[in-house]
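My entries follow in the order in which I made them.

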Amino acid sequence: MKLELVKQWYQRRVRGVSTFQHYFKRINLSVMSKLGGKIIAAFATFVAVLTYLAIGAAIFQAIEQDHEIEQREAYDRELAKLLDKVDPVFHDELKAPCHMIEILEANPNSTAQWNFVNSVIFCLTIVTTIGYGAAYPVTDEGRGFCIFFALIGIPLFMACLAVYAQHTANFIRWVCKRLRTILGGKNEENETVQQIVTVVFCLLVILTFSAYLSYKEGWEYFDSIYFTFISFTTIGFGDLYPTSDDTLFYFLFVFFIILGLISLGTVIEAQTTNFSKFLTFISNTCECMCGKCLTVEKDTMSEVDDVN
């Protein structure tokens with residue numbers, strides 16, 4: 001009899017454990033499925049943006065590079081005519097100032113701007129609305145395609161930013177949760193702490209990118225910070241612009257621009273919310289000071305008296 005009872009108890013326990021394992025496995029698969037779906041969506045969005053930039057860069061290069069070559073050949077012919085009238089001894093002395101005049105005239109298509117990498121950077125400045133002005137299309141075909149490219153590219157890039165901004169917000173919430181666990185705080189979300197962590201993350205991105213620019217371009221560190229902030233806010237004056245021709249630099253440039261737009265955009269959005277709350281508070285305070293709150297209170301009391 002006892003042996004039978006033990007056997008039944010053991011069978012119930014085994015069934016309970018197997019049921020728990022099955023339930024846990026379902027939960028785990030559900031979580032992994034959701035996580036995998038988000039990762040696939042983020043990766044697909046990123047690939048779509050990169051593909052769009054690459055296609056746009058190839059088209060801009062095809063349109064503008066021929067015109068660039070024609071301008072270069074015309075410039076070389078004019079320079080050759082000028083040098084024919086001068087003693088050969090002074091040729092080298094004249095070439096340098098002539099090239100300086102060419103640069104000061106700010107004609108982008110006469111200085112080998114429309115290679116594929118530079119075209120990708122140009123496309124990035126369109127979809128991000130930074131628009132440094134270091135390069136721009138000069139042909140009618142290029143300008144027409146620029147309008148079409150921007151109409152599709154800007155919404156596409158904004159959608160990509162929204163996806164990655166959400167992932168960044170989730171990452172910051174995870175960091176805050178870990179900090180609460182380590183410091184032994186309450187297991188509750190604190191909006192102020194999240195904003196502080198977001199600001200710190202944004203500052204790290206700005207300072208890191210600025211240090212890299214200062215190293216690669218030889219700029220003063222403050223000039224690099226200025227350029228970084230102007231870029232991340234999409235102001236894009238164009239008074240400073242990197243001239244490095246290193247391919248790795250351009251990859252990192254694109255990476256930091258996207259990361260900076262996400263991080264600084266999150267900070268600006270949070271500050272906009274704070275200012276909106278502050279302005280609402282001021283508005284409500286002014287209304288109370290003007291007597292509207294008293295009027296509403298009197299009307300409410302009158303309605304209560306009527307009911308009684």
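I took helices (H or I, at least four residues) and strands (E, at least two) as DSSP runs, numbered from the N terminus. The model is predicted, and I used local features only at pLDDT of at least 70 and side-chain atom pairs only at pLDDT 80 or more, while totals for chains, interfaces and linings use all residues. Residues are numbered from 1 along each chain as its sequence is written, and side-chain values use heavy atoms, with hydrogens and water left out.

**Entry: overall**

I found eight helices and zero strands in the protein chain. From the N terminus on, I read the order of elements as α-α-α-α-α-α-α-α. For burial I used relative accessible area: buried is under 20%, exposed is over 50%, and partly exposed is in between (1.4 Å probe, protein chains only). On that scale 28% of the 308 residues of the protein chain count as buried.

**Entry: α3 and what follows**

I looked up helix α3, residues 116–127, which has 12 residues. The expected span of a helix is 1.5 Å times one less than its number of residues. The buried residues of α3 include V120, I121, F122 and L124.

What caps the N-terminal end of α3? I found N115 there, with a side-chain oxygen 3.4 Å from the backbone nitrogen of V117. I counted polar contacts as pairs of N or O atoms within 3.5 Å; within protein, one must be able to donate a hydrogen and the other to accept it, and residues adjacent in sequence count only if both atoms are side-chain atoms.

T128 sits in the loop between α3 and α4. I logged T128 as buried because its relative accessibility is 1%. The T128 side chain reaches the backbone oxygen of L124 at 2.6 Å.

T129 is in the loop between α3 and α4, and I noted its positive phi of about 60° just after α3. Most residues other than glycine have a negative phi. T129 is not a glycine. Its relative accessibility is 42%, so I put T129 down as partly exposed.

I found a positive phi of about 60° at T234 too, which is not a glycine either. T234 lies in the loop between α6 (221–232) and α7. With a relative accessible area of 27%, T234 is partly exposed.

**Entry: α7**

D246 caps the N-terminal end of α7, with a side-chain oxygen 3.3 Å from the backbone nitrogen of L248.

**Entry: ring pairs**

I paired rings of Phe, Tyr and Trp (its six-membered ring) if their centres lie within 6.5 Å; planes under 30 degrees apart count as stacked, over 60 as edge-to-face and the rest as tilted. By this rule I counted 21 aromatic pairs. One of them is F171 with W174, stacked at 6.2 Å centre to centre with 25° between the planes. F171 and W174 are three residues apart in helix α4 (residues 140–183), so about one helical turn separates them. F171 is partly exposed at 43% relative accessible area, whereas W174 counts as exposed at 51%.

I then looked at F249 and Y250, whose ring centres are 5.6 Å apart with planes at 70°, so the pair is edge-to-face. F249 counts as buried at 1% relative accessibility, and Y250 counts as buried at 12%. I found F249 and Y250 in a cluster linked by ring pairs, whose members include Y132, W219, F232 and F256.

**Entry: Q195**

Where is Q195? I located Q195 in helix α5, residues 191–217. At 18% relative accessibility, Q195 counts as buried. The C-alpha atoms of Q195 and I172 are separated by 9.0 Å, with the two residues 23 apart along the chain.
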